[in-house]
Amino acid sequence: MKQLKDILYKVSIEAVKGSTYVEVADLILDSRNAKSGSLFVALKGAQVDGHQYIDKAVEKGVLVVICEKLPEEITEGVTYIEVNDSHKALALMADNFYDHPSEKLKLIGVTGTNGKTTTATLSHQLFTQLGYNVGLISTVKILIGKKEFTATHTTPDAITINRYLHQMVEEGCEFCFMEVSSHGIEQKRTEGLTFSGGIFTNLSHDHLDYHKTFAAYRDVKKKFFDQLPKNAFALTNADDKNGMFMLQNTPARKKTYALSNIADYQVKILERQLGGMLLTINQKEIWVKLIGTFNASNILAIYATAIELGMDETEVLLQLSTLESVSGRFEYIVSPNELTVIVDYAHTPDALENVLKTIEDIRTRNEQVITVVGCGGDRDKTKRPLMGKIAAEMSDQVVFTSDNPRFEDPHQILNDIEAGVEAQHTRKTITIEDRRQAIKAAIKMANRNDIILIAGKGHETYQDINGVKHDFDDMQIAKEIIELLRK
Ligand SMILES: CC(=O)N[C@H]1[C@@H](OP(=O)(O)OP(=O)(O)OC[C@H]2O[C@@H](n3ccc(=O)[nH]c3=O)[C@H](O)[C@@H]2O)O[C@H](CO)[C@@H](O)[C@@H]1O[C@H](C)C(=O)N[C@@H](C)C(=O)N[C@H](CCC(=O)O)C(=O)O
Ligand SMILES: Nc1ncnc2c1ncn2[C@@H]1O[C@H](COP(=O)(O)OP(=O)(O)OP(=O)(O)O)[C@@H](O)[C@H]1O
Ligand SMILES: N[C@H](CCC[C@H](N)C(=O)O)C(=O)O
Ligand SMILES: [Mg+2]
């Protein structure tokens with residue numbers, strides 16, 4: 001329970017109807033979850049306007065309504081508060097409601113198109129190994145020390161974030177690493193949080209269905225750094241075209257990391273194998289179990305973060321070499337007949353290109369590379385032909401298939417992907433809509449020593465078709481088919 005006045009601390013208020021001497025039991029953003037004694041925030045969404053559901057929420061017993069426009073008819077005994085920005089008000093109220101949890105631990109945000117989950121998860125692993133109790137908010141899962149919770153978003157809504165952070169503080173976490181998505185920044189899910197540091201991984205093509213232009217997508221990422229406090233660090237990838245742009249207006253301490261360009265933190269790759277890479281980080285050699293140039297960059301960002309947070313360099317380097325790859329990110333098996341099957345969450349053109357380049361770098365013989373890939377429905381359509389082109393150009397064989405079609409026609413998605421394949425590569429591609437059959441076809445096509453890449457769904461354990469989530473796990477299915485074909 002919390003006093004409404006305390007919940008409204010720092011919220012800019014336009015008008016009030018009703019008493020502000022109210023005790024609130026909970027904050028709610030969806031009328032379907034409204035409970036008696038709670039406070040409902042009406043948000044203008046992408047699909048509908050939450051203001052339409054104020055009456056529904058009131059019927060369920062909410063005591064306070066926060067909205068951008070007061071309703072014409074109001075209910076006796078309910079307090080209505082008008083604000084000019086419900087999303088911002090929600091973020092500030094969630095921070096107040098849970099007693100500013102982000103100030104009570106060190107919160108580090110990771111943003112960028114690719115590498116957020118990898119960087120945040122491996123940072124969580126590293127700091128746990130360094131002996132700390134650590135939290136994680138990521139696409140794959142939420143971790144509070146060793147307790148695990150299911151993730152629904154990359155960056156959850158402000159109430160959920162603050163509730164988890166509060167729980168982390170209660171459980172004695174000293175650090176939390178969280179992914180900060182562009183949707184999260186745009187919808188102000190992270191506003192009001194006190195970050196101790198921000199990390200930029202890279203920027204490439206994604207989510208243009210939502211942000212419309214690349215410039216708008218880039219600017220929203222920069223906003224995260226603009227809002228960091230002065231005593232935080234802002235760590236950017238100096239190899240990325242937009243890396244320095246991100247730090248232009250940040251009041252935070254600016255730091256850079258890079259493989260190619262001059263930077264505060266530098267890494268070189270000395271050796272690559274399927275099992276790992278030999279690196280030098282600021283002139284010190286270490287072996288890591290991850291592979292791919294992009295992972296050298298992720299590892300460096302994690303190292304730099306640890307140093308910026310005051311960790312001991314020798315201890316950090318020692319522990320970095322023990323880090324295990326993140327589920328669904330370049331996860332691989334070698335089958336009994338020596339097929340290598342790699343499952344990777346590459347769902348953007350840039351990630352797909354990077355993964356195929358990584359495979360190229362570790363190819364030792366004349367193995368064929370067979371790629372199984374599709375694109376999600378109800379998401380950025382412009383990435384489809386680009387992914388089709390890259391897959392066909394950089395593989396020996398490609399099986400195009402469904403990813404999560406959601407509410408779109410899978411054939412239409414596949415047409416969009418195929419449209420990007422250049423004429424000279426079309427003979428290398430086939431299309432099998434059913435993802436299980438596509439994986440089977442790739443495995444059947446492969447000879448001893450060949451490499452199969454199954455891209456796009458990584459850790460996901462379902463396939464979303466028409467809003468129904470069917471069990472589907474790329475790695476599990478590949479293993480089943482390999483077993484089946486052996487008999
Ligand atoms: C496009 C988008 O980001 N949508 C998010 C947004 O929903 P919305 O704007 O569509 O909401 P809406 O359906 O229009 O409803 C507006 C308001 O009315 C409320 N409502 C609605 C119906 C009702 O009966 N009662 C009611 O109160 C809703 O709770 C909402 O507050 O706000 C919701 C609450 O915070 C989110 O759950 C929802 O995420 C949807 C499920 C989603 O798929 N989001 C994806 C695109 C996303 O956010 N992805 C990013 C990045 C992914 C990446 O890593 O690349 C992420 O951070 O996960
Ligand atoms: N630093 C990086 N640069 C480019 N590609 C990367 C990088 N790190 C990982 N990848 C590739 O991108 C894929 C997704 O990585 P990861 O899940 O870490 O990204 P993310 O930013 O969390 O994605 P999402 O936006 O879906 O949450 C990986 O499977 C890998 O192929
Ligand atoms: N966080 C990303 C994940 C995409 C994963 C891919 N499998 C798909 O379904 O498009 C998104 O929501 O756009
Ligand atoms: Mg992620």
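# Terms and values in a predicted structure

Author: Of the 487 residues of the protein, 50% count as buried. The model discussed here is a predicted one.

Reader: Why does Leu143 count as buried?

Author: A residue is buried if 20 or more other C-beta atoms lie within 10 Å of its own. Leu143 has 24 such neighbours inside 10 Å, and therefore counts as buried. Leu143 is part of strand 10, which covers residues 141-144. Beyond its neighbours within four places in sequence, its contacts are His124, Gly135, Leu136 and Glu148. From the C-alpha of Leu143 to that of Met168 the distance is 8.9 Å, and 25 residues separate the two in sequence.

Reader: Why is Asn282 called partly exposed?

Author: A residue with 20 or more neighbours is buried, one with 12 or fewer is exposed, and the values in between are partly exposed. Asn282 has 15 other C-beta atoms within 10 Å, so it is partly exposed. Asn282 lies in the loop between strand 17 (276-281) and strand 18 (284-288).

Reader: What is the phi of Asn282, and what makes it worth a remark?

Author: The phi of Asn282 is positive, about 40 degrees, although the residue is not a glycine. Most residues other than glycine have a negative phi. Asp378 is also a residue other than glycine with a positive value, near 55 degrees. Asp378 sits in the loop between strand 21 (369-373) and helix 13 (383-394). With 13 C-beta neighbours inside 10 Å, Asp378 falls between the two cut-offs and therefore counts as partly exposed.

Reader: Which residues touch the most other members of the largest nonpolar core?

Author: They are Leu39, Val65, Cys176 and Ile452, in a core of 144 residues. Helix 10 gives the most to this core, namely 8 residues. Nonpolar side chains tend to be buried together in soluble globular proteins. If residues up to four places away in sequence are not counted, Leu39 touches Ile7, Val24, Leu27, Ile28, Val62, Leu63, Val64 and Ile66.

Reader: How do you know that the radius of gyration of the protein agrees with that of a compact globule?

Author: For 487 residues, the rule for a compact globule gives a value near 23 Å; the protein has 24 Å, which agrees. Along the principal axes, its C-alpha atoms fill a box of roughly 75 × 50 × 40 Å. The protein contains 16 helices and 26 strands. Among contacts between residues at least 6 apart in sequence, 67% join residues at least 24 apart.

Reader: Why is ligand 2 said to lie between domain 2 and domain 3?

Author: Domain 2 (100-321) and domain 3 (331-486) both give residues to the shell around ligand 2, so the ligand lies between them. That shell has 22 residues, and Asn114, Gly115, Lys116, Thr117 and Ala351 come nearest. Helix 4 (116-129), helix 10 (293-308) and helix 12 (349-362) are the elements that give two or more residues to it. Helix 12 has the largest share, 4 residues. By kind, the shell holds 5 nonpolar, 12 polar and 5 charged residues.

Reader: From which domains does the shell around ligand 1 draw at least three residues each?

Author: The domains are domain 1 (2-97) and domain 2 (100-321). Ligand 1 is surrounded by 19 residues, the closest being Gly45, Gln47, Gly50, His153 and Thr154. Its shell divides into 5 nonpolar, 11 polar and 3 charged residues. The centres of domain 1 and domain 3 are 46 Å apart, taken over C-alpha atoms.

Reader: How many residues of the shell around ligand 3 are nonpolar, polar and charged?

Author: The shell has no nonpolar residues, 5 polar ones and 4 charged ones. Its members are Thr154, His347, Gly376, Arg379, Asp403, Asn404, Gly456, Lys457 and Glu460. Asp, Glu, Lys and Arg count as charged, so Arg379, Asp403, Lys457 and Glu460 are the charged residues of this shell.

Definitions and conventions
Residues are numbered from 1 along each chain as its sequence is written. Chains are lettered from A and ligands numbered from 1 in the order in which they are written. This is a predicted model: local features need pLDDT of at least 70, side-chain atom pairs count only at pLDDT 80 or more; totals for chains, interfaces and linings use all residues. A residue is near a molecule or strand if its C-beta atom, placed from the backbone, lies within 6 Å of it. Domain bounds come from an automatic or database domain assignment. A nonpolar core is a set of buried Ala, Val, Leu, Ile, Met, Phe, Trp, Tyr and Cys residues joined through C-beta atoms within 7 Å. Two residues are in contact if their C-beta atoms, placed from the backbone, lie within 7 Å. The radius of gyration is taken over C-alpha atoms; the globule rule is 2.2 Å times the number of residues to the power 0.38.
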